[in-house]
Amino acid sequence: MSGVMKRMGMIFRAKANKALDRAEDPRETLDYSYQKQLELLQKVRRGVADVATSRKRLELQLNQLQGQSSKLEDQGRKALALGREDLAREALSRRAALQQQVTDLETQHQTLQGEEEKLTLAAQRLQAKVDAFRTKKETIKATYTAAQAQTRIGEAFSGISEEMGDVGMAIQRAEDKTAQLQARAGAIDELLASGALDDSSGLAKDDIQSELDRLSGGTDVELELQRMKQELAGGSSASQQAIEGGQGQQPQQAQPTDTPRFDKQ
Amino acid sequence: MIVRIMGEGQAKLADSHIAELNKLDDELLAEMETGDEEGFRRTLGALLDAVRRLGEPLPDDSLEPSELILPSPDATLEEVRAMLSDDGLIPG
């Protein structure tokens, strides 16, 4: 399948984190899930209420039975006082039957109480979970909204970066041109120096002047050599002085090199 | 297979219907590529109708990923073309 349906589906999946189809907004999903959790919590709470009601009904029944039981006991005592042992026996046997019922109901009451405690605990735990989910949901929603904004910023920025690219190209072109000009200037200098190119500015020298310069340069070199030779011949005492002076100054000179070492330690 | 009509909702379709839809879908793609606006309108309408007729609408609160997605009934050829371009639905 390569039709519109499939292609749109693929694009949607590829862009799932960016595609903001209103029906698949994760914020709605989170709110919906929270709603479901609240409903569940409501059900558990209703369960707790139901169990509590049954427990209360049992307690009423128990009270009633116990009332009847003590009444029969009184009747038995009175009958015995009047010398009617048969009546007393009848009352006591009825009371024994009631007592059996009371024991049964008490067992049921205990079971219900246990159930109620368990449900209350479950409701509390669920409440804590739902609260935690609500906090998390709000965080995720905020993050999602931020991501959405970031996507928009990203889009705006990609537009900007295109323009920046243009600027970059302009700079590149300018740099290329500069390098080219520099290379050309270098080449011209070389050509001028070699005499292949005539300098129309008149700064370059003709070959006669060059020869004269070379000669005068040569005398300069001779003069320099002469001067150095003289220095070496009569300058041994001068250099000795320099070394002695250096020795005298040594402690003072050592100090500045010591100080930074001190700092490092 | 779950098909979403953008702006409308999702529908659950038996796989046996896909072949029928696929024919219309390929037709739609061809019309889009040749720029046949009139044909595009007609085929899109037919395709959406077929999805609505053959599919069972999913409740709004069900959250299932769509395997196939169709443009909304009022989408123009240009919009769909833009959605299917290399940039996808959202550039970048």
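I took buried as under 20% relative accessible area, exposed as over 50% and partly exposed as in between, with a 1.4 Å probe and protein chains only. Helices are DSSP runs of H or I with at least four residues, numbered from the N terminus.

The model is predicted: local features need pLDDT of at least 70, side-chain atom pairs count only at pLDDT 80 or more, and totals for chains, interfaces and linings use all residues. Residues are numbered from 1 along each chain as its sequence is written, chains are lettered from A and ligands numbered from 1 in the order written, and side-chain values use heavy atoms, without hydrogens and water.

**Helices 1 and 3, chain B.** I checked how their axes, lines fitted to C-alpha atoms over the stretch in contact, meet. They come within 10 Å and cross at roughly 100°. That makes helix 1 of chain B roughly perpendicular (65 to 115 degrees) to helix 3 of chain B. Contact means heavy atoms within 4.5 Å. Among the contact residues are B:Leu29 and B:Met32 of helix 1, and B:Val80 and B:Arg81 of helix 3.

**A:Glu116.** I found A:Glu116 in helix 3 (residues 85-194) of chain A. A:Glu116 counts as buried, at 14% relative accessibility. Leaving out residues up to four places away in sequence, A:Glu116 touches A:Val48, A:Val51, A:Ala52 and A:Arg55.

Technical notes. Axes are lines fitted to C-alpha atoms, for helices over the stretch in contact, and angles run from 0 to 180 degrees between N-to-C directions. Helices (H or I, at least four residues) and strands (E, at least two) are DSSP runs, numbered from the N terminus. Angles under 35 degrees count as roughly parallel, over 145 as roughly antiparallel, 65 to 115 as roughly perpendicular and the rest as oblique.
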